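Subject: Structure handover and findings

Dear colleague,

Here is the structure for your files. Please read the notes below it with the coordinates open.

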Amino acid sequence: MSGLNGQDNHSETVSTPVSGMYKDYFLDYASYVILERAVPMLADGLKPVQRRILHAMREMEDGRFHKVANIIGQTMQYHPHGDAAIGDALVNLGQKDLLIDCQGNWGDVRTGDRAAAARYIEGKLSKFALDVVFNPKTTEWQLSYDGRKKEPVTLPVKFPLVLAQGIEGIAVGLSTKILPHNFNELIKASIAVLKGKKTRLVPDFPTGGLLDASNYNSGLRGGKIRCRAKIEAVDKSTLRILDLPYGVTTSSLMDSIVKANDKGKIKIKKVTDNTAQEVEIIIELPTGVSPDVTMDALYAFTDCEVSISPNACVIIDERPHFISVDDMLRISTERTRELLRKELEIKLAELQEKLLFASLEQIFIENRIYRDIEECETWEAVLETIDRGLEPFKAQFYRPITQDDIIRLTEIRIKRISRFDSFKADELIRNLQQEIKETEHHLAHLTEYAIAYFENLLQKYGKGRERKTQIADFDNIEVRQVAVANEKLYVNRKEGFVGFGLKKEEYVCECSDIDDVIVFRSDGKYLVSRVQEKAFLGKNILHVDVWKKGNERKVYHAIYADPVSGKNYAKRFAVTAITRDREYDVTNGAKGAKLLYFSAHNNSEEEVVHIQLSPNCRAKKKSFEFDFGELAIKGRTSQGNVVTKYPIRKITQQSIGTSTLGGRKVWYDETSGRLNTQERGKYLGEFDTEDKILAVYKDGTYEVSEFELTNRYDPQKVFSVDKFDPELVITAVHYDGKNKDYYVKRFQVETSTVDKKFSFISEAKGSRLVYASTLPAPHIQYKVALKGSKKENVQLNLADFIEVKGWRALGNKLDRRKVSAVKELKVEQPVKEVKASKKEKNKSASEQKKETTAFKAGDQVEWGKEDLKGDGQGKLF
């Protein structure tokens, strides 16, 4: 049977394996998603939907705002997907505040509020977009999905757009995450690339905040950045969040704070969102909660700190490439220079054509060639006559004269010929020749022209686009150090249970639910385990406490009997690292070894014990003292030193002395504002338990605070941070708002209240602290006004200028003349005499006498609530 065209309807069936079909389908789909949906092209930095939105808006451009719903409808001529996808992409572009001027409620990236409906908001292309993104003459075109329209393959963007806006996308088998960078820094970096210099780009976020980009890795896979909210302490009971980490909204941040509080990770009384034009979240703290520790806890347990892993992937030559942001900038800059070259070449060709026709017109009119065609009877004769009249002048043109040029001459109207002005024609030709000369110069010096182009962009659009995110180096916050002690630890020594759920048992200390505890038992075994509600850790517990990994200052003293050798050993050891839930031996592990004495010391204090030997032993001296301070602190597996080879009857603690490790060396990191023991920043000195910190603030106050490694002193708010010494002299230059003059004062701290700020400058309006120092002989330089407009520099040693007075004194006037520009001079300081501390002067005065009877070797132990109670130093056996 035949069809309408006489062809047979039966055709051969081609069979294809299903597996092959799936393979092709998947590859086709994956390629489509990568190239047409998720990943931007490096050439213009846009995804297809973004490119089509901008192209549609350029077609609609008339200088006025358009309804977003109308823009979406226009874009649907080019984008074969739903209006929702176009609308979301359009709002996302508008919120980046670069290519689209927005009108109406377009949402807020800080609060997470969505934009209003498309029919209520409007937008138009920004001046920057019109200047940088579009040029039909250099655009490569293709047919739209239905063949009815033409759309750009890529837009001729002369700017590293993908780096300025940032972009995210999830495709099939890969994803991309390019972080936004600062507008001005990108332009300066492009200029550096053109000058042959290396660049190092760092992200910048519209939400501000703090950024640690030390592991950015140029945006490649494997890199990571840490973003923090900017938090400041308003007072002792209030914190204020001013900026947000990238990708975090005020709502999500408050939710994370509330959850951390509910879980007991932090302690807050109230959190309030006061965000309006600027971000402001107020956190009120309960009485007794440290704002510095809470600040660290917010970074550790909430979205006040987030980590972001970039993954820079772009389309180059229709293939995905993973390249660094610096390479993207280099390729984009080279493309910009190439686009500028094309624009100059097009402009040069247009100018040459204008010059050619202006010259032809001038010759045609001034030489009256138009009169020669009056008697021509045919069109061919007219063209031939004009061509013959131009023959003497053809050598001066840059290309041969074509028939189209002659036809264009015939189209000149009589009115124009009659009003032809040769002077204006000469001026026009000179101007065209000058423009051609300039364009040729730009082409010959293309790099300099490209640099000037970027400099013009910076001058024209750079204002108000300064960096918002502050670059900083973050300390790694030890979670266990800042975790709030939200639980209480209890112990049943006899039965061997430890946990925060044993409310009726013996109280040990406060702890957090992420802490570890260490337990020593009477059989000489010890282990570390995670804090639980109730856990069995072995009967007859001698000592239990919260265990801190790496704490070298926590030292344990033990005396045990070795049944093999018959000797008694003493050891001092620290437990800095251990495998959780594994039992270890305080003794040498021999069968029958017996623990005779045990104590724990938080700051490696030395200890003297009195030892009584068995009265039946052969020793001549059956009672003597033993000083643990003479033993070196060794590892937990050490055997120890021999105390005696005779059996011991009784051990009694005689005294506890000072730390054998000395004070802890502490530094102040002037970048992060934190104290540390890793030798970062300014060395403050060695700190014992009773030592304190002195901070002098830029608002004219000082504060003496207890020493804790968790303390934080904002570098932007302090002049100096030092170890407190009552004899330390603070030198200050301040401006008195009442007398309208500068004053100098030197004083010592006379207040005794700790953790309270005291103002040492005038409270009059306009008063301010200009300079402060704790150096022995600080020097300053300042300017004074002379007659006329001249100024003189004056240098001054403030230690010689004024004596030490009371901290409330106003001080001496700096100069009777008008003072300005006070700054510190760096000079060599006198060597400060190191004085012995009170503890070193009278070591025995700090020793605490304490008589505690240990159990006799072999005695039976009767356990009760009153047995072996803690004294803060450990337990005795």
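Predicted model: local features only at pLDDT ≥ 70, side-chain atom pairs only at ≥ 80, totals over all residues.

Residues are numbered from 1 along each chain as its sequence is written, and side-chain values use heavy atoms, with hydrogens and water left out.

Helix α4

Helices (H or I, at least four residues) and strands (E, at least two) are DSSP runs, numbered from the N terminus. Helix α4 covers residues 83–95, 13 residues in total. From first C-alpha to last it reaches 18 Å, close to the 18 Å expected at 1.5 Å a residue; the expected span is 1.5 Å times one less than the number of residues.

Ile86, Gly87, Ala89, Leu90, Val91, Leu93 and Gly94 of α4 are buried. Buried means under 20% relative accessible area, exposed over 50%, and partly exposed in between (1.4 Å probe, protein chains only). The cover over these buried residues includes α2 (48–60), α3 (68–75), β2 (100–103) and α6 (161–165). After α4 comes Asp97, with a positive phi near 55°.

Two helix pairs

Two packed helices are described by the angle between their axes and the distance between the axes. Axes here are lines fitted to C-alpha atoms, for helices over the stretch in contact, and angles run from 0 to 180 degrees between N-to-C directions. Contact means heavy atoms within 4.5 Å. Angles under 35 degrees count as roughly parallel, over 145 as roughly antiparallel, 65 to 115 as roughly perpendicular and the rest as oblique.

Helix α7 (residues 183–194) and helix α10 (residues 325–366) have axes that come within 10 Å and cross at roughly 75°. The two helices are therefore roughly perpendicular to each other. Leu186, Ala189, Ser190, Val193 and Leu194 supply the α7 side of the contact, and Leu329, Arg330, Thr333 and Arg337 the α10 side. By class this contact has five nonpolar, two polar and two charged residues. Ala, Val, Leu, Ile, Met, Phe, Trp, Tyr, Cys and Pro count as nonpolar, Asp, Glu, Lys and Arg as charged, and the others, Gly among them, as polar.

For helix α12 (residues 379–390) and helix α13 (residues 403–410), the axes come within 10 Å and cross at roughly 100°. Trp379, Val382, Leu383, Ile386, Asp387 and Leu390 of α12 meet Gln403, Ile406, Ile407, Leu409 and Thr410 of α13. The residues of this contact divide into eight nonpolar, two polar and one charged.

Single residues

Leu446 lies in helix α16 (residues 446–461) and is buried at 15% relative accessibility. Not counting residues up to four places away in sequence, Leu446 touches Arg337, Arg341 and Leu344. Its C-alpha is 8.1 Å from that of Leu340, 106 residues away along the chain.

Thr238 belongs to strand β11 (residues 238–243) and is buried, with a relative accessible area of 14%. Leaving aside neighbours within four places in sequence, Thr238 is in contact with Glu232, Ala233, Ile282 and Ile283.

Val770 is in strand β43 (residues 768–773) and counts as partly exposed at 24% relative accessibility. With residues up to four places away in sequence left out, Val770 touches Phe719, Val733, His734, Tyr735, Tyr742 and Val822. Val770 and Tyr743 are 27 residues apart in sequence, and their C-alpha atoms are 9.6 Å apart.

Positive phi

Most residues other than glycine have a negative phi. Lys740, not a glycine, has a positive phi near 60°. Lys740 is found in the loop between β40 (729–736) and β41 (741–748) and is exposed, with a relative accessible area of 53%. Asp755 also is not a glycine and has a positive phi of about 60°. Asp755 sits in the loop between β41 and β42 (757–759) and is partly exposed at 36% relative accessibility.

Cysteines

A disulfide is a pair of cysteine sulfur atoms within 2.5 Å, and by this rule the count is zero. The closest cysteine sulfur to that of Cys511 is in Cys509, 6.0 Å away and too far for a bond. Cys511 is buried, with a relative accessible area of 1%. Cys617 is buried at 12% relative accessibility.

Regards
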